[in-house]
Amino acid sequence: MVRNEQWLVKKVADTTYDGWMVEVTGVSSLVRGMDAVFYEKLDHIEPIDPDKTRLVPDASPNHRKARLYLEAVIRKTALPQTEHGLALVGNFLMDQQTHQLRPAELALSKDNPQPRVLIADVVGLGKTLEIGILLAELIRRGRGERILVVTPAHVLEQFQRELWTRFSIPLVRLDSTGIQRIQQDIPAGRNPFAYFKRAIISVDTLKSDVYAHHLENTEWDAVVIDESHNLVNRNTKNNGLARLLARRSDAFVLASATPHNGDGESFAELIGMLDDAAIADSSSYDVKDLKHLYIRRTKTDREVRDSLKGEWADRGPSKPVFAKATEKEEAVLAELAARWIPRDPAASSVCVDSMVAYNLLKAFLSSHRAFQVSVAARTKTLEKPLKGRKGQDPAQLEAARQIERKAIVDLARLADDLGDDDSSKLDALVEVLKDIGVGPGSDTRVVVFSERIPTLKWLAETVPARLGFPRVKQSDQGEKESKPWKAYGGVVEVMHGDATGEQEQQRIVEEFGLATKPVRLLFTGDVASEGVNLHQQCHELIHYDLPWSLIRIEQRNGRIDRYGQKKNPRFRALVLTSDVEWRTDDATGERLPLDDRLVGAKLLAREEEAHRIEGTAEAVTGIYKAKEEEDRLTRDLIAGRTVEESIEQSSSTSGGGAKAMLARAMGNVGVKKPTDDVPRATVPGLFGTVGSATATSDYFDEALRQVCHPSSPENALKLRREGDGTLAFQPPPDLLHRLKALPKSYLTEQEILPTANKEGRIRLTFDKSLAAKRLKVAREESDSQWPNVSYVSDVHPVLDWVTDKALAALRHDEAFVLAFDPDRDKAADIDPGLPAALEGPVYLLQGIYSNKVGRPTVVEWMAVTGLPDAPRTHRMDDAFLAACRVGPSMPGRKAPVNKDALQRWVPSAVAEARRFLEVREAAYAQQIEAVLAPFEKRVTEWKQAALFTAEARRSQKKKNDVNLTADRRRTLIRSLRTSGAPLLRLLAVLEPLAATPAPHAGEPAATDLPDAGETSAR
């Protein structure tokens, strides 16, 4: 014991001037895993000797103080390395879906010495919830003290809010607001990650100079990176940042619905962040060998289907809404069909670059505004000096550009002639919006997607008035020009990457999910197609224009078609049709129009089919990047292929082993049968099943009474209990300090922080149904999605607070004595001889073996009976505690009857517990080796294979890298094996209620006691 913390001694050496030097690794929660060196003459170093534990009485009612201390020790003891079951299932504000427990099960399984996993479930299955479950389990294991979550900027608050409201995990949000707060709270230049132990930050902010240089000096227990497909490109800042975090963290969690872009090496890059000895050759490997690191499910998986019944409304159809082109629109399409994308595939386009010609078509299919901007941009490009590629004839290129310059003048004239009244899709959109009920006085909301910013802005300006929304606000000149839709008083919001910063995006997403906010129309670009939840108040989505990518259509639809959607999500797409003659499919004779039916409408139907049959859009084409998919399709159109031919060829080309492997990676990987149980942790508890809401509530209630003793919570904290199950009380300063991670706006809105005129109040509930109602009320009746009542899970800061208070009741070298009245029938059910043994005292002990990094490998909860003559050890589980009736109805006694005798027998009890552990030491080692030996074998096999790859045979540097990686992994394995003797701790002594004073005559003195081994009946 040094500085009031427990340490595991690794090495002791004498020094010339400072006495003994002790090298240690932290064991207690605050310093766990921290290496340190202490010197005898500089620090007070106190060996922990359980034989010298001093027994103390507990005069509190029903031994409340002692029971709380025991429960606090159990709760604060990290689950060991050998415990692979989940401990907190059912303890969160969510409907328990078995499929959402599987990622945590995998990460904590015997297959993983470190909790590392890539969660690649398709859009909408609840990856945020899966991450929350895993983080809570890591916290319970003492492997989640320091957490960093990295997300895209626009989902930062959404992610933070989900982890707090559903799992009680507070994260400091380090966005621009958070940065200002840091500057106020900590000294300039100090590492912010040393100050905030759990944080959430966007990847772009993390790359900034404010943070990046601190990461080299920061260790994490767990790092989560959402939308991790953005990390795969080597030699980029994102990739380097992720690799650094992977090296500096124990647990590492990646999440992405699109975990690779069709390139086997990019997928290997992600897997290598989890385990750099997982793939020997990034150009040749099989996904089946990665199942310990990777899990992906689609809605076609049976367990997912069964879990989601009643929790996710069935998807409605994707309906095309046809809009017949107006006369002026027909003129533009005729010009495009005649000169830019010629009817005759053999004819040359007036456009130097055929990809540009198709881009002009796509701009026109979006809107006349987007078309005008694109034509103007192309005109400017053609006016710039010639920059030909190597090998091109400058004179020939200039002649071609001259032809295009003349043609663009004609196209610009047609574009400029287009006005709002010439847009058939605009009229169709307004009719659709009216049909679904969008308008003044209606609660109906809709998301309208477009790829083009000019289209979004124009729709936001134009559509509200056509629906009858009045202008209710006078805008200043700047706002009139940049955001004229603001005049509609919040009815309209526009979100796209170029115009809305991260704070604005977060605000829009939150307000769109609040029923009390006026927003009814959200016009958004594809910035909202990844990770954003838009389903809380909306089940209607319209594609004003259609991307030429199945992936992008699927991602858009996933914003409202996701876990928790209670209404059938409905999709519509505006499809411009034309009578302009273009081409004919030679194979089928089908007429191919140069309008939305050429590509967009076909992809809309194919995405719906893919969702129903394959489960994911990527499975259709074998392409995993939206931009690549779009470019491939456009090139195929230029080559004269149809959409159907392009998709068929795409799914069959560049095949072989790599293609097939990547296709399997995008199917269902790591699936379980619905009948496969999720393993559960075995942890004793004095207040019922650990992890249950009742046990947590009862524990908190008793702990709070003890915290406030000799007063009451009602007086000391002004606690009030409401009839619906809400607790409200005044948080003391030390509790407020623990809540500082939460947004100041939330703490202020909920009046948790005290002000000059008002005391702070925190509102809690242990009732899931009430918490769910309050969460719904927050979305439907308030101005914030943060509920005004906090649900308390087992990792909530208020439980940490009362637990630390309970632990402070004793010194580390003391143990309470409790009077108990056993239940003989329950005792007999455990062991026929136990009722007789419970006529004497029971010593409750904890034994912990730890590894070299200070984490427990084995934890045993033991009860020693039969002292002084025939000691025997039992496991202190729930059944044993129930047999001893250790609970709120315990009789209680101010002082032990035979304190001196109980004190003398402490060394014997400790010796018996130590013997119990030593007898099982080989079995414990075998448990640990069952995990580490296969891992060590994988490292050996990986090294052998990696040294024989083509790259390693060519490069000595590569060979050195392989050897260094293998050495690092073996060092990790060694650090996870048990190191040293077990740490034994006497927790309490149970003395029978019927105990009578022991005679003093003939009793041996404490110093004359024989060795515990000699007194043992064994």
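Q: How do the residues of the lining of the second largest cavity divide into nonpolar, polar and charged?
A: In this structure the lining of the second largest cavity has 10 nonpolar residues, six polar and four charged, where Ala, Val, Leu, Ile, Met, Phe, Trp, Tyr, Cys and Pro count as nonpolar, Asp, Glu, Lys and Arg as charged, and the others, Gly among them, as polar. The model is predicted, and local features need pLDDT of at least 70, side-chain atom pairs count only at pLDDT 80 or more, while totals for chains, interfaces and linings use all residues. Residues are numbered from 1 along each chain as its sequence is written, and side-chain values use heavy atoms, with hydrogens and water left out.

Q: Which residues lie nearest the centre of the second largest cavity?
A: A cavity is a set of points, on a 1 Å grid over the protein atoms alone, where a 1.4 Å probe fits but cannot get out, and its lining residues have an atom within 4 Å of a point. The second largest cavity is lined by 20 residues, and those nearest its centre are Pro-80, Gln-81, Thr-82, Pro-113 and Arg-143. It holds about 220 Å³ of space, a volume being the space filled by probe spheres set on the points, which are joined across faces, edges and corners. The search of the whole structure finds 11 cavities of 30 Å³ or more.

Q: What is the order of the open sheet of seven strands?
A: Strands (E, at least two residues) and helices (H or I, at least four) are DSSP runs numbered from the N terminus, and two strands pair if DSSP finds at least two bridges between them. Here the order is E7-E8-E6-E9-E10-E5-E11, with parallel pairing, and the edge strands, each pairing on one side only, are E7 (172-173) and E11 (294-295). Within this sheet, E6 (residues 147-151) and E8 (residues 198-202) pair in the parallel sense over five bridges, and Thr-151 stands opposite Ser-202 in E8.

Q: Which strands does helix H9 touch where it packs on the sheet?
A: Contact means heavy atoms within 4.5 Å, and axes are lines fitted to C-alpha atoms, for helices over the stretch in contact, with angles running from 0 to 180 degrees between N-to-C directions. Helix H9 (residues 237-247) touches E5, E6, E9 and E10, and its direction makes about 140 degrees with that of E10. Helix H3 (residues 127-140) lies across E5 (116-119), E6, E8, E9 (220-226) and E10 (249-255), and runs at about 170 degrees to E10.

Q: At what angle do helices H13 and H23 pack?
A: Helix H13 (residues 354-366) and helix H23 (residues 626-638) pack at about 110 degrees, with their axes 10 Å apart. H13 and H23 are therefore roughly perpendicular to each other, since angles under 35 degrees count as roughly parallel, over 145 as roughly antiparallel, 65 to 115 as roughly perpendicular and the rest as oblique. Among the residues that make the contact are Tyr-358 and Lys-362 of H13 and Glu-630 and Arg-635 of H23.

Q: Where is the place of Pro-710?
A: Pro-710 sits in the loop between helix H26 (693-708) and helix H27 (713-716), and a cis peptide bond, with omega about 10 degrees, joins His-709 to Pro-710. A cis peptide bond also joins Leu-867 and Pro-868, with omega about 10 degrees, and Pro-868 is found in the loop between strand E26 (856-865) and strand E27 (872-875).

How values were computed: 1 Å grid on protein atoms, 1.4 Å probe; cavity = no way out; pocket = protein on both sides within 12 Å on 5 of 7 lines; lining within 4 Å.
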